[in-house]
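Subject: Structure for you to look over, with notes

Dear colleague,

Please find below the structure I said I would pass on, together with its sequence. My notes follow it, and I would be glad if you read them with the model open.

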Amino acid sequence: MKRALFSSALVALLFSACSKSDAVAEMAPAPENAQNQQPAGNTVETTQNGSWVTGWENPSTWSKTAGNDNVSIFNTPRNFKQLDQTMLNRGAIMVFARGYNFADVNMNTPLGVPFHFYLPYERMNFPVFWRYVAKMYGIDLNLEMHNDQSKYFIGAQPNVQLRYFLVPPEALARMNMTADDLRQMSYTNLVNLLQVAP
């Protein structure tokens, strides 16, 4: 009889422990939306005029998908909690790349995305296209290239760096500029205007 009571008490204790952990899990605050989190090690600096700028970053992940006609598409995402609907509608979003020339890693002059270039290898008559898509809380950067060029990109990935600039509408108004004005600026003029390190 004692053994039966002990077994019943043990089972009841086990069930109460399970239901207690379930209750704690339900009461715990939900984790912040993943779209609002920054990748580990990447920071966003606020400038004097209220814009947001990253440093030069090496993307931590690249995913590869197959396109049509022997084309490979490489994608890397970057999350930004600042990239809300107001920023998408009326702000200025700019992405710059360096290390994009897979044949010469010393060619580090920043170029504004979108752009394209040709690799100097024999028979490389298909350009590498750099594009980005801004969306709620993030930017997806895409490279499109012929399959033959993929091996050069895979080898060059550690040298590829990206830098992001987000200028909200209020900052544009204070500078008396439009988003198009900023997008047409050179990289040097942009960092000088926003007073950030090159």
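Which residue in the turn of the hairpin formed by β8 and β9 has a positive phi? The residue is Y137, with a phi of about 65°, and the hairpin leaves 2 residues between its two strands.

Before going further, please note that this is a predicted model, in which local features need pLDDT of at least 70 and side-chain atom pairs count only at pLDDT 80 or more, while totals for chains, interfaces and linings use all residues. Residues are numbered from 1 along each chain as its sequence is written, and side-chain values use heavy atoms, with hydrogens and water left out.

Overall content

The protein has 6 helices and 10 strands, where helices (H or I, at least four residues) and strands (E, at least two) are DSSP runs numbered from the N terminus. Of its 198 residues, 36% are buried; buried means under 20% relative accessible area, exposed over 50%, and partly exposed in between (1.4 Å probe, protein chains only). Among contacts (heavy atoms within 4.5 Å) with a separation of 6 or more, 63% are between residues 24 or more positions apart.

Five strands make up an open sheet in the order β3-β4-β9-β8-β7, with antiparallel pairing; two strands count as paired if DSSP finds at least two bridges between them. Its edge strands, each pairing on one side only, are β3 (63-66) and β7 (115-117), and the twist from one strand to the next averages 25°. Within this sheet, β4 (residues 71-79) and β9 (residues 138-146) are antiparallel and joined by 9 bridges, with T76 having L141 of β9 as its bridge partner.

Helix α3 (residues 147-156) lies across β3, β4, β8 (128-135) and β9, at about 125° to β9, the angle being taken between N-to-C directions on a scale from 0 to 180 degrees, with axes fitted to C-alpha atoms and, for helices, over the stretch in contact. Its buried residues are Q149, S150, F153 and A156. Viewed down the helix axis, the buried residues of α3 fall within an arc of 130° (taken from the directions from the axis to the C-beta atoms), so they line one face of the helix. That buried set packs against β3, β4, β8 and β9, whereas the face of α3 turned away from it carries the exposed residues K151 and G155.

H146, which belongs to strand β9, is partly exposed, with a relative accessible area of 22%. Not counting residues up to four places away in sequence, H146 touches D69, N70, V71 and F126.

β5 and its partners

In β5, 6 of the 7 residues are buried, so that strand is mostly covered. It runs antiparallel to strand β10 (residues 161-167), with 7 bridges between them, and antiparallel to β6, with 3 bridges. V95 stands opposite Y164 in β10 and opposite V113 in β6.

The loop between β5 (92-98) and β6 (111-113) holds N101, which is buried, with a relative accessible area of 10%. A polar atom of the N101 side chain lies 3.0 Å from the backbone nitrogen of A103.

Helix α6

In α6 (residues 187-194) the buried residues include Y187, L190, V191 and L194. Seen down the axis of α6, the buried residues fall within an arc of 95°, so they line one face of that helix. Their cover includes β2 (52-54), β5, β10, α4 (169-175) and α5 (179-183). Just after α6, Q195 takes a positive phi of about 55°.

With best wishes

Terms used: A polar contact is a pair of N or O atoms within 3.5 Å; within protein, one must be able to donate a hydrogen and the other to accept it, and residues adjacent in sequence count only if both atoms are side-chain atoms.
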